[in-house]
Amino acid sequence: MIIAITRDVSSSLARCELLFVPRKELNYQKARLQHRQYEDCLGDLGCFILRMPGASDLPDSAFVEDTCVVLDEVAIVARPGVQERRSETQLVSEILRRFRTVQSIEAPGTLDGGDVVRMGKKVFVGMSSRTNRAGVDQLETHLVPHGYTVNRVELAGCLHLKTAATPVMDGTLLVNRSWVAPAAFGGMRTIEVHPTEPFGANALLVDGTVIHSTAHPRTRERLEKNGIQVRSVEFSELEKAEAGVTCCCVLLNV
């Protein structure tokens, strides 16, 4: 069974952290509806939804991906690069302890889960403004005993590694080469986003199907031409908060 840990959209979402997108008027009710439809899509794909309550004092708390890194053998509680987000990890940590041995990133390390891409036993970590070398070194210490290799990846022009590259099938990544070099992934097969859809590289692979935003139809065509099954979701309000479809859940197999 796949559990999808989610968190309801905060009523203070309009005060979210932004780095690479301009702040726009954001409709909370519409964002919450899109989030529920996203959860419905996860449910349709066989996930059991474990939803945490929203937090009015934590604008970014729906973006649970940044709070942790979950692998089959262990879960790592992150230490987000934005100080105001660090208390988001408390509730997630309590839930993860039901299913995994839990380790943590400690000061001075910082790590956002959105910077971590796993391909089998290879883990790629984006060196973003939210993730530092001390955080990656600690992650490596936690993962190497379980047989993983950790590879540092340079980024330019985007928030997280998963903004620029995500797995869409075994051994294949969807990539925006303007933000990350495909060669950084050690010769793995890549599919490039349509050049008019730079944010189209964010996709969520769930049991052989990719969840993808309706904002990127040309990139969807490229995925489908490569034999990948795609489910599109409306994500426009959450995208105003610099979110992607990977951001709003943590998947774990139990």
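The largest nonpolar core has 26 residues, and Leu13, Tyr38, Leu42, Phe63, Leu204, Ile211 and Leu238 touch the most other members. A nonpolar core here is a set of buried Ala, Val, Leu, Ile, Met, Phe, Trp, Tyr and Cys residues joined through side-chain atoms within 4.5 Å, and buried means under 20% relative accessible area, with exposed over 50% and partly exposed in between (1.4 Å probe, protein chains only). β1 (2-7), α1 (28-44) and β12 (204-206) each supply at least two residues of this core, and α1 gives the largest share, four residues. Those labels come from DSSP runs, numbered from the N terminus: helices are H or I of at least four residues, strands E of at least two. In soluble globular proteins, nonpolar side chains tend to be buried together.

Before going on, keep in mind that this is a predicted model, where local features need pLDDT of at least 70 and side-chain atom pairs count only at pLDDT 80 or more, while totals for chains, interfaces and linings use all residues. Residues are numbered from 1 along each chain as its sequence is written, and side-chain values use heavy atoms, leaving out hydrogens and water.

Now pick out leucine 204. Leaving aside residues up to four places away in sequence, its contacts (heavy atoms within 4.5 Å) include Tyr38, Leu42, Ile211 and Leu251.

Next comes a sheet. It's an open one of three strands, ordered β6-β7-β8 with mixed pairing; strands pair if DSSP finds at least two bridges between them. β6 (116-119) and β8 (149-154) are at the edges with a single partner strand each, so one side of each has no neighbour in the sheet. β7 (residues 122-127) pairs with β8 in the parallel sense over six bridges, and lysine 122 sits opposite threonine 149 in β8. Helix α3 (residues 133-143) lies across β6, β7 and β8 and runs at about 160° to β8, with angles from 0 to 180 degrees taken between N-to-C directions of axes, which are lines fitted to C-alpha atoms, for helices over the stretch in contact.

Finally, the aromatic rings: the whole structure holds three aromatic pairs. Rings of Phe, Tyr and Trp (its six-membered ring) pair if their centres lie within 6.5 Å, with planes under 30 degrees apart counted as stacked, over 60 as edge-to-face and the rest as tilted. Phenylalanine 124 and phenylalanine 185 have ring centres 5.1 Å apart and planes at 70°, so they are edge-to-face. Phenylalanine 124 is in β7 and phenylalanine 185 in the loop between β10 (172-175) and β11 (189-192), so the pair ties together parts 61 residues apart in sequence. Both are buried.
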